[in-house]
Amino acid sequence: MSYNTSHKGMPASISSRGRARIRAFAESLLDVRELAPGLGLLFVVLFFTLQTENFWSPETMTAISSVASTIAIVAVGVTMLMISGEFDLSVGQNFAFTPIVWALLFVSDGINQWLALIAALGLAGTVGVINGLITTVFGIPSFITTLGMFFVLEGLNNLLITGHQLIMFQPSITMWLLGAQIGNTPFYMPLVWMVIIAFVFWFVLTHLRYGNWVFATGGKVGPAKAMGVATIRVKRINFVMSALLAGLAGCMQFSYLHTVTQGQGQNYELLAITAAVLGGTSLFGGVGTVWGSVIGAYLLATIQIGLVLIGVPGSFYVTFIGVLLVIVVIANVRLGRFGGNQA
Amino acid sequence: MSRSPVVADGAISVPEKRPAVDRTREPLFELRSISHSYGRNKAIFDVNLVVWPGEVVALVGDNGAGKSTLLKIFAGYLEPTSGSLRFMGEEVRFRTPARARALGIEAVYQDLAIVDQLSLWRNFFLGKEIVHKVGPLRILRRRRMRREAETAVAKLGLTRIRSVEQPVLALSGGERQSVAITRAIYFGAKLLLLDEPTASLSVRETRNVLASIERARDHDLGVLYIDHNMSHVLPVADRVVLLEHGRIVRTIDRGEVGVEELQELIARRAQKIDC
């Protein structure tokens, strides 16, 4: 409130008052954590719009949104968990494990599609329960717990489909709901689900008591506990959420592609963390937003597809992402945007 | 130990007139012949200590004198090995700090007062959020909490943040404690426990924290606090309790001796401890 003090003694012109107001507005904009990644996405989109001829074509839109939607859904769960101060490295394998179980039950064993889906998601959730219990009961870093789970699931995935791929040709209501094209648009159902899920979790984080507790748990466990926040329960619930969303997103991918291999979701654990961090979520907990992670996922997808469009080999994009990630984190640390962890 | 004058640079003033603590009332908290041992090491020997509502009791003594152990017993972090606790006339046993909190005993620690990344209003209401219940959902009443937090901290004159919507990481150690004390008053705490609230604070900040302590007393809270710095203890304490090797060796009432005499007494004692 004291930004005009240096102008004391000068005639208070309208322009200086106007400047103060603009400054106050700019400062309040800085509090919007999604601003920086949003501008980044805008820049990337502009760049590819100018550099390529077919960036806004339906095919490109389909490609970007289908990649981004599933990563974003996984990233939303990972973001919740990261804000509460934990990691989940098993989401990528869960992203394959859940649809594989679903497809095996539903396609091969002929179990009712809904029951099969519920069973598969139940298993995904169980993975989260185990991650949460092991981490909180034994007090070990979730990095290790979920790395272990990563390998456990990878092994199970190998065992379940032994190098084959599962293909589903027959139309079914569940797969339609999770992966169908939306009318004649270039967009598919995962996009709709992503918007719904992001909105729900945005509401949870910012408008529910639970959200308050998630931030407090990851921010500083000591005071949070002292204030009566059930930090252990918050972490456990977030592990389950993260696993469930990863499994659900995997089922959407399967429904969209009509096929699943054990390689589905490879690197997704890292891409989800990357999306979250690009979107402003702190690696140290206590800071982050759902929409930031969604924007982060779109950044990843846009760069991936855009680079292909300008003729860069498809597999090269991760190199670019790696560089971007490090730059963004350096910028965040420099700007002190990761909160009081330096203090 | 500090041998600085009572009124440092005239910055921390000693209010001369203050209503005496009404000790005919029911005591707020009472320790009756409390002893505590850590394994074989006896830390507290047969301590009797009473805190009345609206009274500020300062616990002073050298490192290892047992101040922190006593505070932990008050806060429910430790169960004494022997002796009994009475809170508002009833015998109590705290098995957890949460139990003590539920009765209105609020411990404020400098580094545990606040979650840096949360905005001020979220910190203020953390764990005691005002919510609308809709089915299983507890929806935060954000506008109301924002407004109430704004009003409550308005008197603190916080200068480092622009609004209650901002994360509190910009707040200084003193401001954090002032916020925490204000929060305790707001939520109707009865006894406030402070562990070295003025350690490593500037003069101005110390004054603010002491003002918050006075405000707590004005709201009829009992305050028990540990401090090393006599010049911080004297302006606000109604009673100074000197601990040595786990025993209370001296209790000095504000009315009993003048401020300067008191300072001298403690300084002499402290000198002896300092060697």
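**Exercise 1. Determine whether Lys235(A) is buried or exposed, and state why.**

Solution. Step 1: the criterion is a count of other C-beta atoms, placed from the backbone, within 10 Å of the residue's own: 20 or more means buried, 12 or fewer exposed, and anything in between partly exposed. Step 2: Lys235(A) has 23 C-beta neighbours inside 10 Å and therefore counts as buried. The model is a predicted one, in which local features need pLDDT of at least 70 and side-chain atom pairs count only at pLDDT 80 or more, while totals for chains, interfaces and linings use all residues. Residues are numbered from 1 along each chain as its sequence is written, and chains are lettered from A and ligands numbered from 1 in the order in which they are written.

Step 1: Lys235(A) belongs to helix H11 of chain A, residues 231–257. Helices (H or I, at least four residues) and strands (E, at least two) are DSSP runs, numbered from the N terminus. Step 4: two residues are in contact if their C-beta atoms, placed from the backbone, lie within 7 Å. Apart from neighbours within four places in sequence, Lys235(A) contacts Ser84(A), Glu86(A), Gly132(A), Thr136(A) and Thr217(A). Its C-alpha atom is separated by 7.0 Å from that of Leu81(A), 154 residues away along the chain.

**Exercise 2. Give the order of the strands in the open sheet of four strands in chain B, and identify its edges.**

Solution. Step 1: chain B contains eight helices and 12 strands. Step 2: two strands pair if DSSP finds at least two bridges between them. The order in this sheet is S2-S1-S4-S5, with antiparallel pairing. Step 3: S2 (41–51) and S5 (90–92) of chain B each have a single partner strand, so they stand at the edges with one side left without a neighbour in the sheet. Step 4: S1 (residues 29–38) and S4 (residues 82–87) of chain B are joined in the antiparallel sense by five bridges. Within this pair, Ser35(B) has Ser82(B) as its bridge partner.

**Exercise 3. Describe the surroundings of strand S11 (residues 239–244) of chain B: which strands pair with it, and in what sense?**

Solution. Step 1: five of the six residues of S11(B) are buried, leaving the strand mostly covered. Step 2: strand S3 (residues 56–61) of chain B runs parallel to S11(B), joined to it by five bridges. In this pair, Leu59(B) stands opposite Val241(B). Step 3: strand S12 (residues 247–253) of chain B pairs with S11(B) in the antiparallel sense over six bridges. There, the bridge partner of Val240(B) is Ile252(B). Step 4: S11(B) and S12(B) form a hairpin with two residues between them, and His245(B) in the turn has a positive phi of about 45°.
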